[in-house]
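Here is a short briefing on one protein chain.

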Amino acid sequence: VSITTRLLVSHLSGIRHYEKDITKVKEEKEKANRAFKLTKPYQDKEQKEKEGKGVEKTDSVKPRKEHEGEVKSRNSKPGRRDKEFEQEEYYLKEKFESVIESLKIFKNDPLFFKPGDQFLYSTYGFTLLSAVVERVSGQKFTDYMLKMFHDLDMLSTVLDDNEAMIYNRARCYVYNKKGRLVNAPYVDNSYKWAGGGFLSSVGDLLKFGNALLYSYQAGQFKNTNGKLLPGYLKTDTVAMMWTPVPKTEVSWDRDGKYAMAWAVVEKKQQYGCCRQQRHYASHTGGAVGASSVLLILPEELDSEAIDTGLVAPPRGVIVSIICNMQSVSLNSTALKIAREFDKEKWAQ
C-alpha cells in the first residue's frame, strides 16, 4: 500500500492510535454511533422548539466523544476516568533522541485498514508525518518547528521537555480513581512531539490563529495598493487545509468533518429563518494532565469591504482556551464564546 502525507494529515492512513486491538476500536465506534442515534430524536425535537421560539440553537445535546486533540474524552465529569488514558503508551518515560527513533513503537504493527478507506484519529500518524518533515527539511523536527514558532512570534511555545527549566510552566492535574484531584504523573513526550509534545500559552495560540486567518483572507482583498503584506501561508493552502475530506468524521463536533489537521464546519442553512451553520475551523488538544482548544470563526466578508480595502485582515473571532486539567471538553464552550463575540460585533 501507499501512504501519502495527505492521508496522514487527515487521519486516513490506517496507522493505529494508542489502542492496539482493532476489535476494541470498532466496538467503541459502534457504541458512539448507537448513543448518537438514540439521542437524535430528542435533539430534533429540541431544535424545532428553539426555532419556533426564534432562538438560535448554539449547542446540541449530542454526546461527544472528544479527541481533545489526540484524546477522545467523553465529556468527562470531575472524578470520571477516561478509558483513552488507560492506554499504557500515554505514560511512556523513555527518552527518544529523534522522531525517526520513535517510529519503532509502531512501525512493525499492522495497519487497521487500507489507507484512504476509513478515518481513525492517530497520534502516531503525526509522528510519521514529523519524520517526513525531518527528512525533507534536513533538520531535526524540533529545530524546524521552533524556528517556525519564532517566525510566528510564538515565543512562549516550546518543547514539553521535563529536564528543561521553562518559565511559568504550569503544574498539571488529573482525578484519581477515587475522584480526588492529584498531580499528573511524569511522562516523556519525545515519542510524539508532533501529536502532543509542545507547551504554549493562550496568547501564542491566538497569534497562531490570527496568522492562519490572515493568510486565509489576505488573497481576497483588492485595491490595497501593495500595502497588504503576504500571509505566512498562501490563501489557497489554508483554504485547502480547511476543506473537509471525504470519509472523515469529527467526534467532538457532529456538524463537522475532518480536513487537514483541522476539524471544519461548513456554511449551511437549509431553510429560511431556521438554524444557520457558520463556517469555522477548530481543534481540541489534550494529553496527560492538560486540555485545550483553538477555534477560528472567519468573518463573512462582503464584496464592498473586499473591493474597497477599507478593512484589512484578519477579520473574525479566534478563541483559545488552555487548562491544566485532563479530559476537559472545551470545543462547545469555545464555539459559544465565538458566537457571542460575533453577535456583539454585528450588533454595534
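The model is predicted. Its largest nonpolar core holds 41 residues, and a search of the whole structure finds 14 salt bridges.

**Nonpolar cores**

- Within the largest core, Tyr124, Leu212, Trp242, Trp262 and Ile296 touch the most other members.
- Another core, of 14 residues, lies apart from the largest one. Its members include Val265, Leu297, Leu330 and Ala338.
- Which residues does tryptophan 242 contact, leaving aside its neighbours within four places in sequence? They are Leu212, Leu213, Tyr216, Ala259, Trp262, Val264, His279, Ala281, Ile296 and Pro298.
- Among these partners of tryptophan 242, Leu212, Trp262 and Ile296 are also in the group that touches the most other core members.

**Helix α7**

- With 17 residues at 1.5 Å a residue, α7 should span 24 Å.
- The buried residues of α7 are Asp204, Leu205, Gly209, Ala211, Leu212, Leu213, Tyr214, Ser215, Tyr216, Gln217 and Ala218.
- Cover for these buried residues includes α8, β8 and β9 (316–323).
- Three of the buried α7 residues, Leu212, Leu213 and Tyr216, are in contact with tryptophan 242.

**Surface patch**

- A nonpolar patch on the surface is formed by Val1, Ile3 and Leu111. Together they have about 270 Å² of accessible area.
- Isoleucine 3 sits in the segment before α1.
- Is isoleucine 3 partly exposed or buried? Its relative accessibility is 34%, so it counts as partly exposed.

**Salt bridges around glutamate 89**

- Glutamate 89 and arginine 16 meet through their side chains in a salt bridge, at 2.9 Å from N to O.
- Arginine 16 lies in the loop between α1 and α2 (22–52), and glutamate 89 in the loop between α2 and α3 (99–102), so the pair ties together parts that are 73 residues apart in sequence.
- Glutamate 89 counts as buried because its relative accessibility is 9%. Arginine 16 also counts as buried, at 2%.
- Lysine 20 meets glutamate 89 in a salt bridge as well, at 3.8 Å from N to O.
- This second pair links distant parts of the chain, 69 residues apart, with lysine 20 in the loop between α1 and α2.
- Lysine 20 counts as exposed, at 55% relative accessibility.

**A further bridge and the network**

- Aspartate 161 forms a salt bridge with lysine 95; their closest N and O atoms are 3.4 Å apart.
- Here the linked parts are 66 residues apart: aspartate 161 is in the loop between β1 (158–159) and β2 (173–175), and lysine 95 is in the loop between α2 and α3.
- Lysine 95 is partly exposed, with a relative accessible area of 32%.
- Which residues do salt bridges with shared partners join into one network? They are Arg16, Lys20, Glu89 and Asp109.

Definitions and conventions
Residues numbered from 1 in each chain as written. Predicted model: local features only at pLDDT ≥ 70, side-chain atom pairs only at ≥ 80, totals over all residues. Heavy atoms only, no water. Core = buried A, V, L, I, M, F, W, Y, C linked by side-chain atoms within 4.5 Å. Buried < 20%, exposed > 50% of the residue type's maximum accessible area, 1.4 Å probe, protein only. Contact = heavy atoms within 4.5 Å. Patch = residues over 30% accessible without salt bridge, like charges linked within 9 Å, V, L, I, M, F, W, Y side chains within 5 Å. Areas by Shrake-Rupley, 256 points an atom, 1.4 Å probe, with all protein chains shown as cover. Salt bridge = Lys/Arg side-chain N within 4 Å of Asp/Glu carboxyl O. Helix = DSSP H or I, 4+ residues; strand = E, 2+ residues; numbered from the N terminus. Expected span 1.5 Å × (residues − 1).
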